[in-house]
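Hi,

Here is the structure I promised to pass on.

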Amino acid sequence: MKSKSPVIFSLSAIVAVLSLLAGGQAVLSQDADDAPNEDAATIPFALPKSGPFDAADIKIDNNEAIANWFRSAHADAAAEAFRHWDEDEEIKPACAACHSGEGFRAFHGLDGSEPGVIDGPINTGGVVDCGTCHNAGLAEVTEVQFPSGLMHPVQGVEASCMTCHQGRTAGVTVSTAITDMDLDTPNPELRFINPHYATAAATWLGGYGAAGYHYDGRAYSGRFFHARPVSTCNSCHEPHTLEIDFEPCLTCHQADSMQDIRISRQSYSGTGDTSVGIRADIQANAALLMDQVNAYAKDVAGVPMVYDGTRYPYFFADANGDGVIDESDGKAVAYNAWTPRSLRAAYNWKLVISDPGNYAHNPPYILELLYDSIEDLSGPLGVDMQSLNLLR
């Protein structure tokens, strides 16, 4: 019977076993002299090599930015902006570019696909994730197309903002829909054209971007240029919290809040009150325009309407004028007595209110759209425009 040879362990193997027992890491297949440099190794996750540990003690360089983003609207996975397609279990390609990071990257070809199109639906459950704005390929996007057809030059992360805050339609959409129609004859084929939501970029570019319906013979203010340091979206908006720091505004403006800032010594709303912010003028004129849209529907088109901002298409029929939305088979009846004149005015009104920050993004352009729409409806309503004392 042959005796067994003694088992000889190398020093490196012994060290490796002891290291493993202690909760560390070791490479058993190599001698100590041949082991890779641990400092140069890539560690793909931010966890300590052994425990116990407290997650709060793990240092992450961009932890604050991640936490800020997580609390922002861009990361609100429970919001309608990201849950709207849950029943369908997929996001339509036409919507996916702005309602999921995956769709955004597909739209711009950042995932290796053809840019400008989204090939197939996108999975639900996503948000505007880190890769939407921090993808390295975003630097290659040099221009963004707006609904008006404008190709606007962009740099870096500006492409993200401009892609998703431009709206879905433009004044040309309305012009095309009402071509060759009598201005004041209701047409049941017309449907409300929605500018979409959060249209800050469209507002900011003004007449240059042509988001609003532009009346013939009128000139419109272009892109709203602020003071030189305020030249991009990130100049005002913290990119992760999306909040605005009011303090820099005080360098040039005297006000208690952004809403109180006034850029003119004139009153545009006819009140003569210049002690309030320009936002107050915009709100007053928007309210007046909405009153006129309703009056026109009742007195000129002959079919009263009710506006409900919580459900599409927002404008509904109220044939008997009782202030209650008409229903058919248990469903609300969309307003179907649009005339070209009422449709373009309602479109401009909706564009104005779709940007809550319009008073900062481009107040001259907003006031011009409101004035021209009010003036256009005043004719058939028999309203003396001069008596309103508005300024354009």
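Let's start at R341, which is found in helix α12 (residues 340-353); helices here are DSSP runs of H or I with at least four residues, strands are runs of E with at least two, and both are numbered from the N terminus. Before going further: this is a predicted model, so local features need pLDDT of at least 70 and side-chain atom pairs count only at pLDDT 80 or more, while totals for chains, interfaces and linings use all residues. Residues are numbered from 1 along each chain as its sequence is written, and side-chain values use heavy atoms, with hydrogens and water left out.

Back to R341: with 11% relative accessibility it counts as buried (buried is under 20% relative accessible area, exposed over 50%, partly exposed in between, with a 1.4 Å probe and protein chains only). Its side chain makes a polar contact of 2.9 Å with the side chain of D376. By polar contact I mean a pair of N or O atoms within 3.5 Å; within protein, one must be able to donate a hydrogen and the other to accept it, and residues adjacent in sequence count only if both atoms are side-chain atoms. Beyond four places in sequence, R341 is in contact (heavy atoms within 4.5 Å) with L183, D184, Y296, D376, L377 and P380.

Next, helix α9 (residues 200-209): 8 of its 10 residues are buried, so the rest of the structure largely encloses it. The buried ones are A200, A201, A202, T203, W204, L205, G206 and G209. Their cover includes β2 (151-153), α7, α10 (233-236), α13 (358-361) and α14 (363-381).

In α7 (residues 158-164) you'll find S160, buried at 7% relative accessible area. Leaving aside neighbours within four places in sequence, S160 touches F104, T132, C133 and L138.

What about disulfides, and how many are there? The structure holds 0, taking a disulfide as a pair of cysteine sulfur atoms within 2.5 Å. For C133, the closest cysteine sulfur is in C161 at 6.3 Å, which is too far for a bond. C133 is partly exposed at 29% relative accessibility.

The cavity search over the whole structure gave 1 cavity of 30 Å³ or more. A cavity is a set of points, on a 1 Å grid over the protein atoms alone, where a 1.4 Å probe fits but cannot get out; lining residues have an atom within 4 Å of a point. Grid points are joined across faces, edges and corners, and the volume is the space filled by probe spheres set on the points. The largest cavity holds about 40 Å³, and F146, P147, S148, Q166, T169, A170, A202, G209 and A211 line it.

Finally, some backbone spots to check. Most residues other than glycine have a negative phi, and most peptide bonds are trans. The peptide bond from Y312 to P313 is cis, with omega near 5°, and P313 sits in the loop between β3 (305-307) and β4 (315-317). H196 has a positive phi near 90° and lies in the loop between α8 (171-177) and α9. D329, with a positive phi near 55°, is in the loop between β5 (327-328) and β6 (331-332), and is exposed at 79% relative accessibility.

Cheers

Definitions and conventions. 1 Å grid on protein atoms, 1.4 Å probe; cavity = no way out; pocket = protein on both sides within 12 Å on 5 of 7 lines; lining within 4 Å.
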